[in-house]
Amino acid sequence: MAAFLRGSRAVLHRSNRHVQLTLVSCRSMASKTPVGFIGLGNMGTPMAKNLLKNGYPVIATDAFPESCKELQDSGAQILDSPAEVAEKADRIITMLPSSPNVIDVYTGANGILKKVKKGTLLIDSSTIDPVVSKEMAVAAEKMGAVFMDAPVSGGVGAASLAKLTFMVGGVEEEFNAAQELLTCMGANVVYCGQVGAGQAAKICNNMLLAIGMIGTAETMNLGIRLGLDPKLLVKILNMSSGRCWSSDSYNPVPGVMEGVPSANNYQGGFGATLMAKDLGFAQSAATHTRTPIPLGSLAHQIFRTMCAGGYANKDFSSVFQFLREEEGQ
Ligand code: NAD
């Protein structure tokens, strides 16, 4: 019913002899309703901007006032706390670093659930532990609100171009209401199952991404040591069975590809810390489900070691540089 009230409106439509009850999608009407957005970092700011571009007034907040400036300049209203946002918006999106931030923003002293209105749709696009997503859904339900997890694949570039992929978990009846907003920010919005299922898909993807990136980095490093020209090696890989996203779209070797973090001293992109965090979730999920992930576990250790060794703020493809430094020892 909450989804019905939020996403559609019953309109009596008289045609000749029949009175039909027509459900009219009220995208245009809903677009007048403010959307709350909490977490205006690398991803949240461009995502919220795309909501503004699609005609949704945005009411936002972030723990750091300076993070709000860009969105405020784009026309969003900035408030002091998640609780204040929850007082004013009945659809709220959160985009936060990790599980502790999500717990704080939802259940903290000035959290969303302190002031949430009944029927509010809460969409968390942060990548967090699926267990925490389930806990937030239970806490939201107690307040009469609906929580869905909708983590994203695609980096800052995809967020800016509204080309993200959203992996959505939660009550299926609410999916259409979530989709209405998420399509303003992404090219693919995929329903994955009950709450936590979006996070499950996301951590599986990122575990494979991490393994693929490490594999690409060590392959390139070996080829270079064998005297191969890196550009030639990339060309061969990308026309052969070793090709993967890390080799053909996000190559970690400086100088072989334009417009990727390796071409910019590994600045921007997806930080090694965030990758280490996601691999930690994969590790924990594998422990709970007694699933062997030997390569995922090793990838976790490699990214943790990188973070401790000064790579924390670099893009995760800097694993190539990390391996280059290791080889001399
Ligand atoms: P970020 O650190 O740039 O932004 C997070 C924002 O949340 C910051 O502005 C921070 O101040 C704010 N915040 C933290 N705690 C808060 C609180 N208690 N109250 C209000 N605001 C708070 O992170 P990001 O790169 O935007 O990533 C966000 C999420 O998206 C992460 O879970 C990440 O794993 C995931 N993700 C990131 C990328 C990427 O390429 N950066 C890609 C896919 C998914």
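## Ligand surroundings

Of the 25 residues around the ligand, N42, M43, D62, P97 and K277 come nearest; a residue counts as near a molecule if one of its heavy atoms lies within 4 Å of it. This is a predicted model, in which local features need pLDDT of at least 70 and side-chain atom pairs count only at pLDDT 80 or more, while totals for chains, interfaces and linings use all residues. Residues are numbered from 1 along each chain as its sequence is written, and side-chain values use heavy atoms, with hydrogens and water left out.

For P97, a polar backbone atom is 2.8 Å from an oxygen atom of the ligand. For N42, a backbone N or O atom lies 2.9 Å from a ligand oxygen. For L96, the distance from a backbone N or O atom to an oxygen atom of the ligand is 3.0 Å. A polar contact here is a pair of N or O atoms within 3.5 Å; within protein, one must be able to donate a hydrogen and the other to accept it, and residues adjacent in sequence count only if both atoms are side-chain atoms.

## Second largest pocket

The second largest pocket has a volume of about 310 Å³. Its lining consists of 19 residues, and P130, I203, A285, A286 and T289 lie nearest its centre. Pockets are found on a 1 Å grid over the protein atoms alone: a pocket is an open set of points with protein on both sides within 12 Å along at least five of seven lines, a cavity is a set of points where a 1.4 Å probe fits but cannot get out, and lining residues have an atom within 4 Å of a point. Grid points are joined across faces, edges and corners, and the volume is the space filled by probe spheres set on the points. Rolling a probe the size of a water molecule over the atoms shows where empty space is left.

By residue class, the lining of this pocket divides into 12 nonpolar, 5 polar and 2 charged residues. Ala, Val, Leu, Ile, Met, Phe, Trp, Tyr, Cys and Pro count as nonpolar, Asp, Glu, Lys and Arg as charged, and the others, Gly among them, as polar. Helices α8 (130–142), α11 (197–225) and α14 each supply at least two lining residues, and α14 gives the most, with 6. Helices (H or I, at least four residues) and strands (E, at least two) are DSSP runs, numbered from the N terminus. The second largest pocket lies between domain 1 (9–193) and domain 2 (200–326), because both give residues to its lining; the domain bounds come from an automatic or database domain assignment.

Helix α3 (residues 44–53) contains L51. The buried residues are G44, T45, P46, M47, A48, N50 and L51, and L51 has a relative accessible area of 0%. Buried means under 20% relative accessible area, exposed over 50%, and partly exposed in between (1.4 Å probe, protein chains only). Just after α3, G55 takes a positive phi of about 90 degrees.

L51 and A162 are 111 residues apart in sequence, with a C-alpha to C-alpha distance of 9.5 Å. A162 is in the loop between α9 (156–160) and β10 (164–169); its phi is near 55 degrees, a positive value in a residue other than glycine. K163, in the loop between α9 and β10, is exposed at 52% relative accessible area. The C-alpha atoms of K163 and N188 are 7.4 Å apart in space, and these residues are 25 apart in sequence.

The loop between α13 (245–248) and α14 (272–288) holds N265. N265 has a positive phi of about 55 degrees although it is not a glycine, and it is partly exposed, with a relative accessible area of 48%. N251 lies in the loop between α13 and α14 and is buried, at 1%. The N251 side chain reaches the backbone oxygen of S247 at 3.0 Å.

Within α14 itself, S284 is partly exposed, with a relative accessible area of 23%. S284 and S297 are 13 residues apart in sequence and 9.9 Å apart in space, C-alpha to C-alpha.
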